[in-house]
Amino acid sequence: MEPPAPRSSGALNFTRPTEFVQLPTKGRFYPEGHPLHLVTEVEINYMSAKEEDILTSQALINRGIVIERFIQSVLVDQSIDVNSLYPGDKNAILIAARATGYGPEYDTMVVCPACNHRHEHSVDLVNLPIKEAPEDINLSAEGTFSVQLPVTKFMAELKILTATEQRYLENNKQTNRKNNLPESNRTDFLKMVVVSINSIRDRLEIEQFIDNMPALDSITIRKTYDDVEPSLLMDQETECPKCQHVVVREVPLGITFLWPS
């Protein structure tokens with residue numbers, strides 16, 4: 001007969017701390033029925049040894065899903081699908097989670113493009129400014145918005161791409177370059193963000209229109225999208241201590257970001 005398993009005294013039990021993260025979208029672009037529909041902030045757990053195991057999993061790194069698994073793990077509400085997050089919200093959660101594990105400062109090395117001097121730059125992760133969507137934007141129940149095109153006078157219904165959709169576009173661009181195929185970055189983007197044209201939702205019809213769209217209409221869609229998309233402002237301005245040249249660079253988000261330097 002096996003001896004009974006030792007019983008825990010409970011002396012080391014504690015409540016895992018959590019933090020609330022403000023969402024750049026304010027939940028406005030998530031459709032009705034989504035867990036984040038009109039939700040302005042989301043609760044996350046502080047980083048733990050479990051998340052560090054995720055970050056060091058070579059299998060997850062090789063599959064390119066380590067950051068998604070990391071974010072999914074820290075979310076308190078597990079009904080939220082990380083693949084449905086918009087990029088601004090995903091980055092906000094990622095940065096806040098990193099700060100709970102290693103503190104609010106992120107030190108990165110900058111190389112001055114003017115004199116090649118290397119110097120350290122510290123980023124305050126908890127005070128990155130948020131670019132919100134205009135308050136007067138008219139959103140549908142599905143989180144879409146419309147703009148009239150200046151040349152054709154058609155009404156284009158647009159959506160904000162999720163982080164997963166943006167990654168698909170980036171992977172497609174890299175694949176085309178690798179295989180020396182013609183690049184179609186702009187039309188690929190337009191075909192993903194345009195939901196309807198003059199209330200027509202037939203994908204074949206929309207894609208044929210986009211392929212022949214006047215350039216000014218194309219520019220209008222891209223500009224409207226950029227104006228509306230909520231995000232964290234990741235650009236950091238730093239001055240070279242040697243030559244005083246000012247350079248603006250984006251905070252790099254990736255595996256190395258999630259570990260202290």
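Modeller: Start with Phe29, which counts as buried at 0% relative accessibility. Buried means under 20% relative accessible area, exposed over 50%, partly exposed in between (1.4 Å probe, protein chains only). This is a predicted model: local features need pLDDT of at least 70, side-chain atom pairs count only at pLDDT 80 or more, and totals for chains, interfaces and linings use all residues. Side-chain values use heavy atoms, without hydrogens and water, and residues are numbered from 1 along each chain as its sequence is written.

Colleague: How many aromatic pairs are there by the ring rule?

Modeller: Rings of Phe, Tyr and Trp (its six-membered ring) pair if their centres lie within 6.5 Å; planes under 30 degrees apart count as stacked, over 60 as edge-to-face and the rest as tilted. The count here comes to five aromatic pairs. Phe29 and Phe145 are edge-to-face, because their ring centres are 6.4 Å apart and their planes stand at 85°.

Colleague: Where do Phe29 and Phe145 lie in the chain?

Modeller: Helices (H or I, at least four residues) and strands (E, at least two) are DSSP runs, numbered from the N terminus. Phe29 is in the loop between β1 (18-22) and β2 (41-45), and Phe145 is in strand β6 (residues 145-148), 116 residues apart. Phe145 is buried too, at 1% relative accessibility.

Colleague: Which cluster do ring pairs form?

Modeller: They link Phe29, Tyr30, Tyr86 and Phe145.

Colleague: Is Ser231 buried or exposed?

Modeller: Ser231 is buried, at 18% relative accessible area. Ser231 lies in strand β9 (residues 231-232).
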